[in-house]
Amino acid sequence: MDLHQLRSFCTVAEERSFTRAAGKLFLTQPAVSLQLKALEAELGEVLLERGRATLRLTTAGEILHRRAQQAFAVLDAAREELAALRGVVRGRVVVGTSDTNCTYVLPAVLEEFRTRYPEVALEVRNRMSPEVVHLVLEDAVDFGLVTLPVRHRHLQSERLFARRDLFICRPDHPLARRRVVSLAQVAEHRLLVLERGSTSRALLDQAFARARVTPRVTMDLGAIEVIKRFVESGLGAAIVPEVAVAREVAEGRLAGVRVQGLGPRAIGLIERRGRRRSPATEAFLALLRETLGPTTRRSQK
């Protein structure tokens, strides 16, 4: 199979459009179509089903797409290793992680990495932790940064730091001056929470269940930034990661209170077991450990 044909096929499969794929490949649309026809003729299989407004992979197409991605990953790794022989770190690093890590943990790491390794392309896929697990298993990302533990026979994990949650409210809220509150006290007040599907929401639901109290959930929202703004507006209180509200609490815009019964959560890496790391990935992980070293870890506990 011709690598150019495979690259075109993968791009069409990912873009779900011949026009967008052609633009990304710097080819004409007829050229991409001809490559796909030649590939289908060689394999004796229909790879793509073309509808009036849709384009989807057939079963044969899904198999080829998965295997082609793996083949290109191996070739990319070879190029990166050859570049590393010359002392140059090149390639691509794809990270899967949640909103909280994207917003409050990774920006400084990404900025420093770009400074140190300008030849490496960085890509962050922002998903909920359960979705990140699937991305790692499918080799769609190099690694995930998620809430631990994650148990799967095809995955290995490494703890990086611990993260605590805080009860947040307006400074004039009845619980604002408490040093510690219980989940039973929190449950008496209007609560804003993340929508179901996130690990954070699942852990919070489990904590309330263990305490045998039912919270007064008034809104299910899609992002911590939205929750913070709504809390500032007096629409309710919330329990969110401490790292997400450090600035607002320091500026006095929100009050942050420890919650009895909510211990620290371990945050760490997950990788597909046996996956070979590229030099670029090794460099990124080294910087991540350096940035989230003992001093940083202590500050987040």
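Colleague: Where does Arg16 lie?

Modeller: Arg16 sits in the loop between α1 and α2. Keep in mind that this is a predicted model.

Colleague: And what's its phi?

Modeller: Arg16 has a positive phi of about 55°, although it is not a glycine. Most residues other than glycine have a negative phi.

Colleague: Is Arg16 exposed, partly exposed or buried?

Modeller: Partly exposed, because its relative accessibility is 42%.

Colleague: Which residues make the contact?

Modeller: From α1 you have Arg7, Ser8, Thr11, Val12 and Glu15, and from α2 Phe18, Arg20, Ala21, Lys24 and Leu25. Sorted by class, the contact of α1 with α2 has four nonpolar, two polar and four charged residues.

Colleague: What about the peptide bond from Leu148 to Pro149, cis or trans?

Modeller: Cis, with omega near 5°. Pro149 is in the loop between β5 and β6. As a general point, most peptide bonds are trans.

Colleague: Switching topic. How many residues are in the largest nonpolar core?

Modeller: It has 21 residues, and those with the most contacts inside it are Val93, Phe143, Phe284 and Leu288.

Colleague: Which elements supply at least two residues of this core?

Modeller: The strands are β3 (91-97), β4 (120-126), β5 (143-147), β6 (155-163) and β13 (265-272), and the helices are α5 and α11.

Colleague: Which one gives the most?

Modeller: α11 does, with six residues.

Colleague: Let me zoom in on Val93. What does Val93 touch?

Modeller: Leaving out residues up to four places away in sequence, Val93 touches Val120, Ala121, Leu122, Glu123, Asp142, Phe143, Ala280, Thr281 and Phe284.

Colleague: What other core lies apart from that one?

Modeller: One of 19 residues, including Ala176, Val181, Phe208 and Leu262.

Colleague: Now α5 and α11. How do those two pack?

Modeller: α5 (residues 99-116) meets α11 (residues 279-291) at an angle of about 130°, with the axes 10 Å apart. α5 and α11 are therefore oblique to each other. α5 passes α11 in a right-handed crossing.

Colleague: Which residues make that contact?

Modeller: On α5, the list is Leu106, Val109, Leu110, Glu112, Phe113 and Arg116. On α11, it is Ala280, Ala283, Phe284, Leu287, Leu288, Glu290 and Thr291. By class, the contact of α5 with α11 has nine nonpolar, one polar and three charged residues. Phe284 and Leu288 already came up among the residues with the most contacts inside the largest core.

Colleague: What about Leu292, buried or exposed?

Modeller: Leu292 is buried, with a relative accessible area of 2%. Leu292 is in the loop between α11 and α12 (294-299). From Leu292 to Glu40 it's 48 Å, C-alpha to C-alpha, and they are 252 residues apart in sequence.

Colleague: And Arg247, where is that?

Modeller: Arg247 is in helix α10 (residues 246-250). At 61% relative accessibility, Arg247 counts as exposed. The C-alpha atoms of Arg247 and Val217 are separated by 25 Å, with the two residues 30 apart along the chain.

Colleague: Last bit, the whole chain. How many helices and strands does it have?

Modeller: The chain has 12 helices and 13 strands. Its C-alpha atoms fill a box of roughly 70 × 50 × 35 Å along the principal axes. Of the 301 residues, 41% count as buried.

Colleague: What share of the contacts comes from residues 24 or more positions apart?

Modeller: Those account for 72% of the contacts in the chain with a separation of 6 or more.

Note on methods: Residues numbered from 1 in each chain as written. Predicted model: local features only at pLDDT ≥ 70, side-chain atom pairs only at ≥ 80, totals over all residues. Heavy atoms only, no water. Axes fitted to C-alpha atoms, helices over the stretch in contact; angles between N-to-C directions. Helix = DSSP H or I, 4+ residues; strand = E, 2+ residues; numbered from the N terminus. Parallel < 35°, antiparallel > 145°, perpendicular 65-115°, else oblique. Left-handed = near helix turned anticlockwise from the far one by under 90°. Contact = heavy atoms within 4.5 Å. Nonpolar A, V, L, I, M, F, W, Y, C, P; charged D, E, K, R; others polar. Core = buried A, V, L, I, M, F, W, Y, C linked by side-chain atoms within 4.5 Å. Buried < 20%, exposed > 50% of the residue type's maximum accessible area, 1.4 Å probe, protein only.
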